[in-house]
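Me: I'd like to learn how to read the features of a structure like this one. Could you walk me through it, step by step?

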Amino acid sequence: MTRLYIAFLMTASLVLPAFGASEKSPEDFPGVSAVVPRAAEVVESAGPVQADIAALTESSLLREEMKAARNSQEALEARTRALGDPTTWNVDRLLEMRGRASEQRNYLKRLMDDLSERLSRMEAVRRAWEERRSFWRNWEQALGKSLPSIPEEAFQRAREAVDGVLELVEAGFGPMLDLQNEITDLQVRNLERLNQVEAILNSLRGNTFSRTAYPLASLKYISQFGPGLWESVESGVAAVQLIRKDFLRDSGWIITLQVVLALVTGIIFSRQRKNPNITREWLFLLAHPWATGIFVSVSTLSFLYPIPPALWRLLLWALAAGSASILISGLLKNPRKKFMVCLLAGLFILSLSLQIISLPQPLYRLYLTVLCLLGIPLFLVISSRNIRQRGSSDGFSLALRIGAAVLFASFAAQFAGYANLASRLIESSVETVFLGLFATMVIRLGRGAIEFVLTRKILQEKDFFRRYGSQLESRLERIFEIFTMGYAALYLLVVWRIFDSVAEAWKFLLESGFPWGETQVSLHMVLMIILVLYASIQISWGIRALLESEFFARQDLDRGVRDSVKKLLHYALILVGFLLALSMAGLRLENFAVLAGALGIGIGFGLQNIINNFVSGLILLFERPIKIGDLIVMDEEWGTVKKLGLRSTIVETLDRAEIIVPNSDLISEKVTNWTLSTKIARVVVKVGVAYGSDVKKVLEILQEAAQSNKDVLESPAPSALFMEFGESSLDFELRAWIAEVDRRLIVRSDLGQFIDARFRKEGVEIPFPQRDLHFRTIEKNLLQALSGRKEEGPGERSRGT
């Protein structure tokens with residue numbers, strides 16, 4: 001193919017000058033001197049083109065593939081005839097046949113695409129060389145009109161080379177078109193079979209709430225139990241698709257991979273039994289390492305099988321359900337729960353086996369009826385015993401009652417002849433339970449795997465994983481849970497036969513939407529916006545965490561610089577994510593022109609405070625007059641800056657109360673920052689002593705108090721000062737410097753206690769305020785009362801009081 005493509009490019013380069021040659025005048029053609037070399041070029045280029053055309057028309061391999069496709073189609077039709085009327089097939093057999101027909105359709109499509117590509121390239125060569133033949137014919141005619149003699153032999157060689165290529169192309173078209181017709185015939189036959197199965201499946205889905213069988217109590221239902229019924233059972237068992245050798249040959253690598261994964265997983269968990277540091281999510285797995293290996297192998301690699309035979313599919317489901325029931329039983333302490341898990345696993349495998357052998361409808365209805373009649377009292381008895389043991393109802397008891405209600409509804413539908421509805425209720429309910437159990441198992445395994453990887457020693461040596469390992473673990477676990485539960489929700493739609501596959505359900509949901517103006521809003525658009533925004537947030541967190549742990553710590557940058565860089569980076573990534581989300585959703589930015597104008601008007605009126613606070617926040621980040629951890633005073637309120645936000649700043653007061661301060665207030669109002677450039681602060685202790693005290697002694701005591709305190713700095717040196725003669729005392733001040741402003745009150749208290757103790761020891765008196773009252777006038781009766789009280793004796797005054 002590559003050689004043909006190169007040859008075609010060479011041919012095109014030679015042919016392009018010839019386009020429109022029929023319209024050229026004689027003067028427009030090359031001269032007679034170019035005939036011989038051009039003819040040689042044509043002859044030379046014809047050889048590789050003919051070789052490539054021969055390779056294109058070589059159909060031996062293609063005919064072998066056609067023979068295999070024809071045999072596969074005939075085998076599919078023969079099996080369809082052997083299974084009888086497709087309208088009597090159960091859902092499992094219909095899905096199996098649809099899968100085989102879809103596989104055949106894809107195979108035929110690949111053959112048709114290959115053949116169509118060959119024909120397309122041959123057609124391109126044919127057109128190019130027909131243009132060349134026309135060019136040489138017109139050139140010869142033009143030279144013959146203007147010259148008496150022309151190189152006839154050169155023109156003859158060119159014509160023979162061109163005709164040889166075109167004859168080879170024409171000869172190859174016939175067989176290739178015959179093969180194309182054969183493929184088309186097979187595609188039509190395959191499409192008829194596929195449409196027939198699809199129509200039956202759609203009919204079953206549409207007749208879920210329709211009566212599709214005779215009532216159980218009718219004579220018509222009972223009359224179905226005849227000799228022919230048992231013959232149908234035997235034919236159904238005989239028609240089960242066995243495990244073919246070609247399946248083992250084509251899928252051998254998948255089987256080998258599953259066996260190796262099961263063995264490796266089992267060995268790893270067996271060796272981890274004695275590990276005391278094993279993740280708590282895997283503790284229940286250590287008791288059953290081989291069941292864990294089987295469950296992991298089957299649940300993770302079974303999707304690689306294109307269309308496994310029925311018996312192999314039954315084996316995979318049996319291994320998955322059995323291993324899952326063993327592992328889930330290890331999580332449960334209630335023996336009744338363990339019994340129910342094992343019972344449901346057995347019923348699930350039994351029901352699947354009966355569907356695979358296409359048990360006749362009367363017998364399968366009888367099986368489901370017996371299942372309902374036995375299951376209803378069993379569920380109610382287990383629920384009542386569980387309630388008596390616990391003393392109250394719980395989720396398990398409620399689930400049992402719901403199960404009993406489902407069985408009763410199924411029995412009622414079966415009794416009335418609504419066979420599809422009855423079987424759907426039981427089968428889908430059991431599958432729903434196991435889907436939930438499988439999802440729980442997968443989540444537990446995923447959590448344990450994430451914790452196991454992130455706690456490895458090689459990762460814990462990195463500062464990023466030591467500081468942010470727990471946050472990274474929780475974020476990864478949340479993402480894994482979302483994907484697991486999302487897939488389980490899609491598969492739940494398949495379980496209840498709303499869709500036939502997860503891919504079909506996903507495609508339908510992505511295409512669903514609603515019109516919004518001139519834009520069609522689809523779920524795909526919404527999911528892409530959410531995904532891009534969520535990814536931008538997570539990427540922002542990861543980059544900021546890496547900067548904080550790996551870069552900032554080594555550069556010894558200021559805390560405020562760190563926070564400023566991280567916040568600006570966060571805002572930039574969120575903005576980029578938002579614009580990218582709009583672009584991926586198919587929304588153009590010019591569509592938001594009207595919205596931007598309305599937003600501008602809104603900013604001018606109602607949103608001006610918000611924008612003012614936002615701009616003020618950017619100023620705080622760039623100028624950094626206030627940083628996280630600073631001790632500030634605003635409106636006579638002391639507090640520590642805890643968070644610089646987009647709109648506001650959170651300040652924690654000394655009473656542990658949090659004040660939300662708009663950023664604009666921090667820019668426009670007066671704010672005292674005690675730790676803007678340094679945390680060194682001065683402590684002032686004022687003290688007064690009685691008149692007559694030894695001033696020098698007082699100064700020595702104050703200086704001693706400062707020097708004896710370990711928090712007081714030697715430089716700047718503390719100073720004890722005599723300030724003034726007060727009204728009742730001699731006033732002094734002790735001024736000392738400390739390294740941490742946070743200890744300001746504590747140091748002041750320590751200094752005061754020391755000074756008080758030394759004053760008491762040295763006999764220095766701290767006076768209280770004294771006042772002398774001088775009365776210029778006084779009422780006469782008040783003066784008499786004071787005189788009378790003065791003349792009373794001590795005993796009389798005490799009795800009077």
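Me: Let's start with sheets. What is the strand order of the open sheet of 3 strands, and is the pairing parallel or antiparallel?

Reply: Strands of a sheet pair through backbone hydrogen bonds, either parallel or antiparallel. Keep in mind that this is a predicted model. Here the open sheet runs in the order E8-E10-E9, and its pairing is antiparallel.

Me: Which strands stand at the edges?

Reply: Strand E8 (681–689) and strand E9 (719–725) do; each has a single partner strand, so one side of each is left without a neighbour in the sheet. From one strand to the next, the twist averages 25°.

Me: How many bridges join E9 to E10?

Reply: E9 and strand E10 (residues 730–738) run antiparallel and are joined by 6 bridges.

Me: What is the order of the open sheet formed by 5 strands?

Reply: You can read that sheet as E6-E5-E4-E3-E7, and its pairing is antiparallel. Its edge strands are strand E6 (658–662) and strand E7 (672–673), each of which pairs on one side only. Strand E5 (residues 648–653) pairs with E6 in the antiparallel sense over 5 bridges.

Me: Now helices. At what angle do the axes of H4 and H5 cross?

Reply: For a helix pair, look at the angle, the separation of the axes and the handedness. The axes of H4 and H5 cross at roughly 160° and come within 7 Å. With angles over 145 degrees counted as roughly antiparallel, that makes H4 roughly antiparallel to H5. H4 passes H5 in a left-handed crossing. The residues in the contact of H4 with H5 comprise 33 nonpolar, 8 polar and 15 charged.

Me: And how far apart are the axes of H14 and H15?

Reply: Helix H14 (residues 361–390) and helix H15 (residues 395–416) have axes 8 Å apart and pack at an angle of about 155°. That makes H14 roughly antiparallel to H15. H14 passes H15 in a left-handed crossing. By class, 14 nonpolar, 8 polar and 2 charged residues make up the contact of H14 with H15.

Me: What is the volume of the second largest pocket, please?

Reply: The second largest pocket has a volume of about 910 Å³. Its lining is made of 32 residues, and Thr-88, Trp-89, Asn-90, Leu-359 and Gln-361 lie nearest its centre. At least two residues of the lining come from each of helix H4 (91–146), helix H7 (227–238), helix H13 (335–356), H14 and helix H16 (419–454). In the lining of this second largest pocket, 13 residues are nonpolar, 13 polar and 6 charged.

Methods: Residues numbered from 1 in each chain as written. Predicted model: local features only at pLDDT ≥ 70, side-chain atom pairs only at ≥ 80, totals over all residues. Heavy atoms only, no water. Axes fitted to C-alpha atoms, helices over the stretch in contact; angles between N-to-C directions. Helix = DSSP H or I, 4+ residues; strand = E, 2+ residues; numbered from the N terminus. Parallel < 35°, antiparallel > 145°, perpendicular 65-115°, else oblique. Left-handed = near helix turned anticlockwise from the far one by under 90°. Nonpolar A, V, L, I, M, F, W, Y, C, P; charged D, E, K, R; others polar. Pairing = 2+ DSSP bridges. 1 Å grid on protein atoms, 1.4 Å probe; cavity = no way out; pocket = protein on both sides within 12 Å on 5 of 7 lines; lining within 4 Å. Points joined across faces, edges and corners; volume = space filled by probe spheres on them.
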